[in-house]
Amino acid sequence: MAEILLDPDIRIWVILPIVLITFFVGLIRHHVVLLLQSDKKVDPEQVTDSQILIKSRLLRENGSHIPKESFLARKHYFNNSQTGFFKVTKRKPRVQNPMGDPTMMMDMMKGNLTNILPMIVIGSWINWTFSGFVTTKVPFPLTLRFKPMLQRGVELTTLDASWVSSMSWYFLNVFGLRSMYALVLGADNSADQSRAMMQDPMVSGAMAMAPDSNKAFKGEWEALQIVDHHWSLDNVEEQLLATPARLSDSSSAYVKDKKV
């Protein structure tokens, strides 16, 4: 297979413009998402439940660092059979239908507007403007299975699969500029189109549904019920008083070894 020599002007008039266009479109998309983002209402009851669960989990994990009386008092507040929070608190199940919530439906429409529409418009424009260009070559051999992915828009059966077309170069930039967006905008940004493509609005709406607090309370009650208190600071006074003698012994041994 004959080697192909690319024109150096392709680097200036094809490769670099596609990179810059993809990068600046991501920046514009990030700021548009911030402008269109609606304020989500916070349920005080849900926040209270989450904080209670966090406190119970911290008690299970770090209860050995507080006195036994304090541990039992906190455990009594959570797990008492008659007055315990996890026993007497019953929440109404919150069933949210994403299709029946106007706010959630509006968020889905905004997500489609900012995610899918720029991808279609910019991709179609790049395919029309830079159609037929071969931009670069990957530095390792590839099989023919990679030709549809790397040579979109260039239908040549004799072309080596390692060459990348202009349209495929655009999609590589869409997935490859994630680190640049994180460097410029921070880790939690809305410029990464690849992440937006992977997030289905329907799945996101289903994930945003409130969890069942009653099941969470029951599971946390069972987890806290089997935890016993083991005082981790037992005999800490004797250990602290023995530390200077231990240090003096080690220092004297060091001096003896040094003299020898």
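A residue is termed buried when its relative accessible area is under 20%, exposed when over 50%, and partly exposed in between (1.4 Å probe, protein chains only). By this criterion Asp49, with a relative accessible area of 2%, is buried. The structure is a predicted model, in which local features need pLDDT of at least 70 and side-chain atom pairs count only at pLDDT 80 or more, whereas totals for chains, interfaces and linings use all residues. Residues are numbered from 1 along each chain as its sequence is written, and side-chain values use heavy atoms, with hydrogens and water left out.

The structure contains 4 salt bridges, a salt bridge being a side-chain nitrogen of Lys or Arg within 4 Å of a carboxyl oxygen of Asp or Glu. Asp49 pairs in this way with Arg91, their closest N and O atoms lying 2.8 Å apart. This pair joins distant parts of the chain, 42 residues apart: Asp49 belongs to helix H2, and Arg91 to the loop between H4 and H5. Helices here are DSSP runs (H or I, at least four residues), numbered from the N terminus. Arg91 is buried, at a relative accessible area of 19%, while Glu45 is partly exposed at 34%.

Glu61 is partly exposed at 46% relative accessibility, as is Arg57 at 34%.

Helix H2 (residues 44-62) also packs with helix H3 (residues 68-79), at an angle of about 145 degrees and with the axes 11 Å apart. The contact (heavy atoms within 4.5 Å) involves Ile52, Lys55, Ser56 and Leu59 of H2, together with Phe71, Arg74, Lys75, Tyr77 and Phe78 of H3. Axes are lines fitted to C-alpha atoms over the stretch in contact, and angles run from 0 to 180 degrees between N-to-C directions.

On the surface, a nonpolar patch of about 820 Å² accessible area is formed by Ile28, Val32, Leu35, Leu36, Leu113, Ile116, Leu117, Ile120 and Val121. Such a patch comprises residues with over 30% relative accessible area and no salt bridge, nonpolar side chains (Val, Leu, Ile, Met, Phe, Trp, Tyr) being joined within 5 Å; accessible areas come from the Shrake-Rupley method with a 1.4 Å probe. Helix H5 (102-129) and helix H1 (9-36) each supply at least two of the patch residues, and H5 gives the largest share, 5 residues. Leu36, located in helix H1, is partly exposed at 31%.

Technical notes. Patches are made of residues with over 30% relative accessible area and no salt bridge: like charges are joined within 9 Å, nonpolar side chains (Val, Leu, Ile, Met, Phe, Trp, Tyr) within 5 Å.
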